Amino acid sequence: MADAQFLSQLTELLNQTTAPNSAAIKSASNKLQKEFYPLPQSVAALIQIMQQNQSQQIRQLGAVEVRKLISNHWDDLDESIRVQIRHSLLQSTLQEPSPLVRHASSRVISEIAKIDLPHNAWSDLPEYLHKAATSASASEREVGVYILYTLLDTMEETFGDKVGELFSLFSHTINDPESQAVRTNTLLALGKISEIIESQDHIQMFRQFIPGMVGVLKQLIDQNDEKAVSQAFEVFQTLLWVDSAIVSKSLGDLIQFMLEMAKEKNVDAEFRSLALQFLSNSVRFKKMKVQSLKVGPVLTSAALAIAGEEVEDMDDDDDENNVARLSLRLIDILSTSLPPSQVMNVLITEIPKYASSPNGNYRRAGLLALCVAVEGAPEFLSTQIKIVLPIILQGLSDSVLDVRVAALQALAQLADELQDTVSKEHQVLLPLVFNMMETTDLKVAKAACTALDAMIETMEKDVIARYLQTLMTRLLELLAQPSNDVTVKAPIIAAIGSAAHAAKNEFLPYFDSTIRTFEPYLSLTEGEKELDVKGTCFDSLGAMANAVGKDAFSPYAAPVVQAAYECLQTNHNRLRECVFLFFGVLAKVYGAEFAAFLPKIMPELFKCLEQDETGYEEKEDVDIGDADEEDIWQNLTVNSGLAMEKEIAADAIGDLVAGTKEAFLPYLEESSKVLIDLMSHFYEGIRKAAIGSLWRAVGTVYEVSSPPKWQPGLPLKVPLTETVASYSAMVRKATLEAFGEEDDRATATVVCDNLCEIIRLCGPGIVGNDLEPIATTILSILKKQHVCQTQDDDPEEEDIEDAAEYDILLVESAMDVIVSLAAAFAGDFDNYFRIFCPVILKYCSNSTAGERKAGVGALAEIVNGMKSSITPYTSQLLKAFVHRLSDESIEVRSNAVYGYGLLAEYSQSPQEIVTTYPKCLQRLQQCLVSDSDNDRCVANICGCVARMTYSHSEDVPLGDVLPALLYSLPLKDGCEENDPIFRLVVQLYKSNNSTIHGLTEQVLKVLEHIFAADCEDNKQFEFDETRQEVIELLRYINQSNPGAIKSSILLKAIQG
């Protein structure tokens, strides 16, 4: 077929590319690319080499190379040459002794067929393949089925009307009595068919194959064929994301099979890892089906047991797929995907047993399981802290180092997710962690600093102040100590930043010495780990700048900003992320003054955001196995570091626009264009950051317009400026287009959160003409019909009430949008609330406490927004609130109390309300006793009683109620409820009520506490009007009863 000299030269060059000489390889490769491969005759020559060369390696290389050239040169060949190639290829492939070359040659056939078949060329190929696949020869059957698989892989659309025939053929080959290769190739081909079938008949037919496919996988495992097992698992992974109906009936059996394999210690660790990955993806992609199967408990228990197996090095970063790590990843996914009843109930029962085990691996596993599960169910764990905390404390003093490290990791995660709960235990936890920081073991020291970082970041200023001197002394000493491992410095530096964040201006005495201690790390210029530490320095510098303020930071600002800018010239993603974050913090600290740096910073941000984090990586290793030829996507790479950097850069734009305000406007148009483009990015982190920054920009443009306070209702009483209206319309349009198609629940939640915040800030005008599309999308979320909630739905499953906390979070955010709309439109929201109301009421009777809490809380806030316009719904809401006053969940009860009080205040159906007063007052009194340790609930009870009383005082026994109310004060949480409480007090004094006069001493005692705590960061009244009325009351008491007020705090308040 090819010219002899051309063939000889080409063969020699291919041989040179396999030589152990990089210069020869480079020279030969260049010559091939420039002188041979651009010529059409190279196709025939390479095929001849693939068919006739004595070296298997050269034959395979010829197949790989010609496959790349066919799309460019096939049509340029004479038809006679093409006919000859077609005929010879089929024969040579059948006769090829090497499986690798045979498969590569099959790929060449499919590449040619992809061009020929649509043009009705090579018309005898399908008949030939069927003949080969049904041949008496096992090797011919193997080749025939494999070529069919490659054709399905490259041109599946051609087989849309041939599925029935393929099923008929594969029903025999999946059970081939002689050849494992035939059975395996059939399995691979069926995986490709699963991606193209749509009709119910074909889906039903495919289901019949699944037991046989599992049988093939079992055979491959028994034969310990690692490559084939890996390929087979890919097929089963594919079944998880194709049409739900395909695998629906078999998923339970598949999960059971994979679970048994994962648990079996005698099975190869690689196969167990693949089984665990399948289980994780089953939960991720088929969560509703998995939930309905109720396999969460058995999966959780098994994963916990596997996590307790002995591992050579749990911290080996190069072994991410060991079974212990993968089992913990499964627990993580289970906790975020399934309701606590299926996962956390098991863990909270099993972990104490693991914690008391004599086996250190089990004690470590229990703590690590707790660590990975916290993020998925923080609310559940907050109710179990009396079980969890003693286990962590026990782990911190364990005799086994890895157990102590696991306890520190669990504590760090718990502190991140349950900030208030953990910070209350500072007196017990901080001394323990302090001591563990002093160890000579780097693993423990790093984990201790990380735990400390998480614990102190959200501490109250007055709490951190008690430890600050000891804390900073120890941290700076540790930072100054020499170490061969620079990574140990990163958690120390991070902890210093958290201390500054919590201490605020109390950090000032330590600022200068800390900056000086940072200098060696800020001067690092090379090394991946070293630059990671440098990035952490910038994180902490931002926290310190925010703590000490611009005046104290100014002497360092210019050189530090210059150093930060120089870091942007590196290719270190993590360092660049930290610098972008640092600039965002400085913009907040310096405000408009930071605008001078924007001309240098913004081009770097745009440059970052315009980069493409995907790329195509050609395989250069000539010993290319079949796996390398399986799928082009294996060569597609994603730079995850760059994707994370882009996420931070997109978020930083929001910080910069919010910080510099008017000064940012010259960059607003370009920024908005870039961010809107990123709203369709494949990585959800970038989408979330882009959405957040765009809406922060809207808020900034609105604030820059210096608008008067918006007023609720339509028509607009305070119209938006033209600039605000047009800019917000652009962002709103882009957001709503993305919102309707968003398939990630967390991103949908971010959209809801941003809509809620912007409506609260800007009022009804910011909604424009899009109230209906917003309401429609929000309604789809409440009905759990949004695309991000239905992508893993099984049409054969009934609705499932129980939900994971992550799913409830989306619903809560959607309800927050309704609440903000109700506040913005007030009575004009009635037409929409009429639709929302029955849907939200269903949540109030849901079996999941989290969804009941969300529903009752939303209705309460809607009453607060719509005020008297809520009257037509009084009966429905009253029934829900009264019923939930006796709910088993304290949070649901608290929300019901709040809603009942608001309904009593605003509903214009007084008779309907007051008939429930006796029962509700009795229930509130019971709650005040049973829920006395929940400060938020106590605040809501007090506020509710106040609203009930000043709305219908004649129906309240003041002599009993007022003493109980006042003796429940001052409030420790929910200080906004001081407003209704003291509106009542003022009202009663104005009406000269004898009961309140008799309680004046208690009133003054409470007010002394309130005014002592009242400050800009801790306002004790929601509205300034209420505060002023209380001051007027104090003046009245002081004048009418001279000497009654002795408190210097109250006297100071009177004087203003």
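I call a residue buried when its relative accessible area is under 20%, exposed when it is over 50%, and partly exposed in between, with a 1.4 Å probe and protein chains only. By that rule I found that buried residues make up 56% of the 1056 residues in the protein chain.

I noted that this is a predicted model, in which local features need pLDDT of at least 70 and side-chain atom pairs count only at pLDDT 80 or more, while totals for chains, interfaces and linings use all residues. Residues are numbered from 1 along each chain as its sequence is written, and side-chain values use heavy atoms, with hydrogens and water left out.

Overall form: I looked up 56 helices and two strands in the protein chain, where helices (H or I, at least four residues) and strands (E, at least two) are DSSP runs numbered from the N terminus. The radius of gyration of the protein chain is 34 Å, close to the 31 Å that the globule rule gives for 1056 residues, so the chain is as compact as a globular protein of that length. For this I took the radius over C-alpha atoms, and the rule as 2.2 Å times the number of residues to the power 0.38. Along the principal axes, the C-alpha atoms fill a box of roughly 120 × 70 × 65 Å.

Helix α55: I found E1025 in this helix, which covers residues 1024-1040, and E1025 counts as exposed because its relative accessibility is 55%.

From G1043 to G1056 I noted 13 residues in sequence and 18 Å in space, C-alpha to C-alpha.
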